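Please look over the sequence and the structure below before reading on. The notes after them are meant for someone meeting this model for the first time.

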Amino acid sequence: MNELEKLREKIDELDKIIATAYAQRLDVVHKIGEYKKVNNIAVLDSGREELVYNNVKNCAKNYQKEICDLYQFIMQYSKNKQSAKQ
């Protein structure tokens, strides 16, 4: 196996981890949406969003902008899913 194949194999492994974790996150997003609906809580919580950004930035010191860009999409999608449940 050459170096490129080894690197692609590593990417495949990481993609499986990311996809599995994201699916789990979506399950939790669904539960949060249901909780907010039942308890009449607004979907948007800007304080929580800021906390999430800070947490993920700390996980990727060399890629903070890229992580924040990704999480903007992830959190917008999550808010849309929660709003659809209300």
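What follows is a short briefing on pockets, salt bridges, surface and backbone, arranged by topic.

The structure is a predicted model, and the points below should be read with that in mind. The largest pocket holds about 430 Å³ of space, while the second largest pocket has a volume of about 260 Å³. The count of salt bridges comes to two, and a nonpolar surface patch of about 380 Å² is also present.

**The largest pocket**

- The lining of the largest pocket is made by 17 residues, and those nearest to the centre of this pocket are Arg25, Ile32, Arg48, Val52 and Gln82.
- Two or more residues of that lining come from each of H1, helix H2 (46-59) and H3.
- Sorted by class, the residues around the largest pocket are eight nonpolar, three polar and six charged.

**The second largest pocket**

- Around the second largest pocket stand Ile18, Ala21, Tyr22, Arg25, Val56, Cys59, Ala60, Ile67, Leu70, Tyr71, Phe73 and Ile74.
- Here too, H1, H2 and H3 are the elements that give two or more residues to the lining of the second largest pocket, and H3 gives the most, with five residues.
- By class, the lining of the second largest pocket has eleven nonpolar residues, no polar residue and one charged residue.
- Val56 and Glu66 are ten residues apart along the chain, and their C-alpha atoms are separated by 10 Å.

**Salt bridges**

- One of the salt bridges joins Glu49 with Lys79, where the closest N and O atoms are 2.7 Å apart.
- Another salt bridge is formed by Lys65 and Asp69, whose closest N and O atoms are 2.6 Å apart.
- Lys65 and Asp69 both belong to helix H3 and are four residues apart, which is about one turn of the helix.
- Lys65 counts as exposed, at 58% relative accessibility, whereas Asp69 is partly exposed, with a relative accessible area of 37%.

**The nonpolar surface patch**

- The patch of about 380 Å² is made by Ile11, Leu14, Ile17 and Ile18.
- Ile11 lies in helix H1, which covers residues 3-38, and Ile11 is partly exposed, with a relative accessible area of 48%.

- Gln64 is found in helix H3, which covers residues 64-85, and with 31% relative accessibility Gln64 counts as partly exposed.
- Gln64 and Thr20 are 44 residues apart in sequence, and the distance in space between their C-alpha atoms is 22 Å.

**The loop between H1 and H2**

- Asn40 is found in the loop between H1 and H2 and is exposed, with a relative accessible area of 72%.
- Although Asn40 is not a glycine, the phi of Asn40 is positive, at about 55°.
- For context, most residues other than glycine have a negative phi.

Technical notes
Residues are numbered from 1 along each chain as its sequence is written. This is a predicted model: local features need pLDDT of at least 70, side-chain atom pairs count only at pLDDT 80 or more; totals for chains, interfaces and linings use all residues. Side-chain values use heavy atoms; hydrogens and water are left out. Patches are made of residues with over 30% relative accessible area and no salt bridge: like charges are joined within 9 Å, nonpolar side chains (Val, Leu, Ile, Met, Phe, Trp, Tyr) within 5 Å. Accessible areas come from the Shrake-Rupley method with a 1.4 Å probe; for residues, only the protein chains shown count as cover. A salt bridge is a side-chain nitrogen of Lys or Arg within 4 Å of a carboxyl oxygen of Asp or Glu. Buried means under 20% relative accessible area, exposed over 50%, partly exposed in between (1.4 Å probe, protein chains only). On a 1 Å grid over the protein atoms alone, a cavity is a set of points where a 1.4 Å probe fits but cannot get out, and a pocket is an open set with protein on both sides within 12 Å along at least five of seven lines; lining residues have an atom within 4 Å of a point. Grid points are joined across faces, edges and corners, and a volume is the space filled by probe spheres set on the points. Ala, Val, Leu, Ile, Met, Phe, Trp, Tyr, Cys and Pro count as nonpolar, Asp, Glu, Lys and Arg as charged, and the others, Gly among them, as polar.
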